[in-house]
Amino acid sequence: MNEERNPPISGGKAVVECLKAYNIKYVFGLIGSATMELFDALYDEKSINFIDVRDERTGTHMADAYARASGKPGVIIAGQNGPGATNLVTGVAQAKAAFSPLVSIAGAIATEHVGKDAFQEVDQQKLFEPITKKTFSIKDTGSIVEDLNKALNLSTKGKWGPVHINIPRDVLAGSEIFDSFKIENKIESKKINENDLKKIITLIQNSSKPVIICGAGVKNSKTQDQIILLSKNLNIPIVSSAGHGDVISFDCELYGGQMGPRGNKVASSLVKDSDLILAIGTRLGFNSTFYSYDNISKLAKIVQVDIDPIAIGRYFPVEVGIQNDAKIFLDQLIPLLKNVSLKNANQNWVENFLKEKAHYYKKRDQDADTNSKIIQPSGLFKELRKIIPKGSSITLDAGTLCLQATDEFNFFEPKSLFTPLDFGLVGFSFAAGLGVKLAKPDFPVFSLMGDGGFGMTVSELSTAVHHKINTITIVMNNKSWGAEKAYQRDFYDQRYIGADIDSPPFHKLAEIYGAKGYHVAKLEDLNNVIADALVCNKPAVINIDVDPKALYSFRKDSFKHRSK
């Protein structure tokens with residue numbers, strides 16, 4: 001008796017079956033003729049929601065933020081080879097800088113046309129290799145399942161990161177018999193050397209000014225509670241690396257917020273003055289340190305734990321380097337610390353920190369200008385701190401106003417802050433907020449950005465309206481490219497060129513798209529506007545007039561040659 005076999009299916013159908021087997025709930029994308037078999041197969045798959053976007057770049061930001069918020073691969077499809085694929089590049093590069101588990105799929109020209117200067121031909125393999133963990137170009141229909149599973153698994157294996165797949169149209173159109181559609185991802189647990197753990201304990205015992213720095217590795221491994229336990233048991237303050245202010249709840253007494261040139265001065269001082277740094281799940285990267293001992297103690301002994309072997313000691317020499325997942329490290333270290341105590345040796349260090357922390361947050365409120373006729377950033381942020389519901393997620397852009405917002409909000413849940421991180425991308429926040437909302441539908445999502453960044457991405461309002469993705473976007477409208485204008489003001493004798501922006505009234509534009517639009521010119525109106533936006537049951541855009549002169553030059557070190 002012959003065994004029944006699965007019938008042959010198209011390559012496009014095989015892609016969809018792989019995504020289904022991997023429990024992918026959302027796929028973002030823009031259709032194109034090169035991938036029609038794939039989209040036709042998606043039409044029948046009711047378990048996957050297709051979020052059609054207006055631009056591949058912004059769709060990639062949605063998938064990136066969805067991936068970071070959910071911890072699952074975020075999938076974006078560029079339906080067209082050539083321009084559709086090249087439009088992905090900015091978003092994929094952004095995801096790489098953020099170590100986001102993005103999986104981008106692009107159509108590619110027919111195999112027989114490669115190298116013949118075919119219509120819309122570009123070497124997509126070489127284009128994506130430098131900005132991904134790995135780039136696949138699938139050679140034949142029979143390889144789809146194996147390669148796609150490798151890509152999905154790789155995006156969340158070890159250090160998270162984007163993976164790109166090129167699929168020629170003839171490969172999608174071909175048919176093949178497949179026995180199964182999922183290949184399991186085997187995760188091997190790596191035991192930590194006992195001598196390294198003993199050395200770390202000795203370093204802790206001999207320290208009088210220790211600090212714990214937490215990065216994305218703590219968020220992704222869901223070890224916040226263990227970090228807090230470690231901190232309480234040993235009386236060690238905690239700070240976060242740049243862009244990860246949500247890693248520890250704001251109400252944790254020993255948490256000082258974000259460190260670094262763009263963090264707050266209390267957290268930054270802890271790192272500058274410490275004698276022992278426990279860097280857990282962090283690269284000690286650019287935005288946290290500028291790779292300079294101006295931002296980290298040169299005398300401190302560093303214990304660095306990171307899942308990426310390249311990160312260990314890459315920017316600063318380490319006393320002990322542990323290449324492993326943060327959870328595995330903490331699971332093995334914490335039981336060995338039962339009889340270890342630091343409470344007397346570092347009591348002055350902690351008491352001084354707590355005093356400085358209380359003073360900093362009190363002064364942050366006292367210095368906020370809420371009385372100016374023209375809305376000031378500090379006053380706006382103070383009001384937003386009071387108004388935004390606890391548990392909300394916040395997405396930020398790059399640019400002067402969002403950089404000023406870096407340490408202005410209080411986060412009580414992990415994975416509630418989403419920024420461009422080291423790519424410093426303008427135009428990220430609104431699209432990212434849509435991805436976060438799909439991952440966290442029961443919580444409010446606020447996206448803050450300047451008028452320049454929102455103008456880049458405003459067309460995705462139609463995506464938000466069509467799919468009922470009800471985020472609240474706050475456009476801090478200062479009618480300029482603020483960061484660059486600040487540099488021209490401070491270092492180039494106010495010789496402004498290309499710095500000022502004329503935009504349509506975004507609140508009216510939102511209404512035309514079918515969203516809800518609000519205009520705020522007085523800070524006193526903000527509370528009622530946000531209260532209405534939270535219940536309007538539509539995507540909301542709040543266009544806020546912010547003082548055009550409230551600009552700040554963040555990278556003054558970049559202009560030392562002009563500061564004399």
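The model is predicted: local features need pLDDT of at least 70, side-chain atom pairs count only at pLDDT 80 or more, and totals for chains, interfaces and linings use all residues. Residues are numbered from 1 along each chain as its sequence is written, and side-chain values use heavy atoms, with hydrogens and water left out. The largest nonpolar core has 34 residues, the largest cavity has a volume of about 130 Å³, and the salt bridges number 16.

**Nonpolar cores**

- A nonpolar core is a set of buried Ala, Val, Leu, Ile, Met, Phe, Trp, Tyr and Cys residues joined through side-chain atoms within 4.5 Å. Buried means under 20% relative accessible area, exposed over 50%, and partly exposed in between (1.4 Å probe, protein chains only).
- In the largest core, of 34 residues, those touching the most other members are Ile-200, Ile-212, Ile-227, Leu-230, Ile-280 and Phe-329.
- Two or more residues of this core come from each of the helices α9 (194-205), α11 (224-234) and α14 (326-333) and the strands β9 (210-214), β12 (276-280), β13 (301-306) and β14 (320-323). Helices (H or I, at least four residues) and strands (E, at least two) are DSSP runs, numbered from the N terminus.
- Beyond its neighbours within four places in sequence, Ile-200 is in contact with Leu-278, Val-303, Val-320, Ile-322, Phe-329 and Leu-333; contact means heavy atoms within 4.5 Å.
- A second, separate core holds 33 residues, including Val-53, Phe-454, Ile-469 and Phe-506.

**Cavities**

- The search uses a 1 Å grid over the protein atoms alone: a cavity is a set of points where a 1.4 Å probe fits but cannot get out, a pocket is an open set with protein on both sides within 12 Å along at least five of seven lines, and lining residues have an atom within 4 Å of a point. Grid points are joined across faces, edges and corners, and a volume is the space filled by probe spheres set on the points.
- Two cavities of 30 Å³ or more are counted by this rule.
- The largest cavity, of about 130 Å³, has 13 lining residues, and Arg-68, Ala-216, Lys-219, Asn-220 and His-244 lie nearest its centre.
- Helix α10 (216-220) and strand β16 (417-418) each give two or more residues to that lining, with α10 giving the most, three residues.
- The lining of the largest cavity has seven nonpolar, three polar and three charged residues. Here Ala, Val, Leu, Ile, Met, Phe, Trp, Tyr, Cys and Pro count as nonpolar, Asp, Glu, Lys and Arg as charged, and the others, Gly among them, as polar.
- The second largest cavity holds about 80 Å³, and its lining residues include Phe-250, Tyr-361, Arg-364, Asp-407 and Phe-411.
- Strand β11 (255-258) and helix α15 (347-367) each give two or more residues to the lining of the second largest cavity; the largest share, three residues, comes from β11.
- That lining divides into five nonpolar, five polar and two charged residues.

**Second largest pocket**

- The second largest pocket has about 790 Å³ of space. It is lined by 28 residues, and Gly-263, Gln-404, Glu-408, Tyr-552 and Phe-554 are the closest to its centre.
- Helices α15, α16 (377-387) and α17 (400-404) each give two or more residues to this lining, and α15 gives the most, with four.
- By class, the lining of the second largest pocket has 11 nonpolar, eight polar and nine charged residues.

**Pro-130**

- Pro-130 sits in the loop between α6 (124-128) and β6 (134-137) and counts as exposed at 58% relative accessibility.
- Lys-96 is 34 residues from Pro-130 along the chain, and their C-alpha atoms are separated by 9.5 Å.

**Salt bridges**

- A salt bridge is a side-chain nitrogen of Lys or Arg within 4 Å of a carboxyl oxygen of Asp or Glu.
- In helix α7 (residues 144-155), Glu-146 and Lys-150 lie four residues apart, about one turn, and form a salt bridge with the closest N and O atoms 3.4 Å apart.
- Asp-367 and Lys-363 form a salt bridge at 2.5 Å between the closest N and O atoms; they are four residues apart in helix α15. Asp-367 is partly exposed at 47%, as is Lys-363 at 36%.
- Glu-383 and Lys-386, three residues apart in helix α16, meet in a salt bridge of 3.1 Å, N to O. Glu-383 is buried at 16% relative accessible area, whereas Lys-386 is exposed at 58%.
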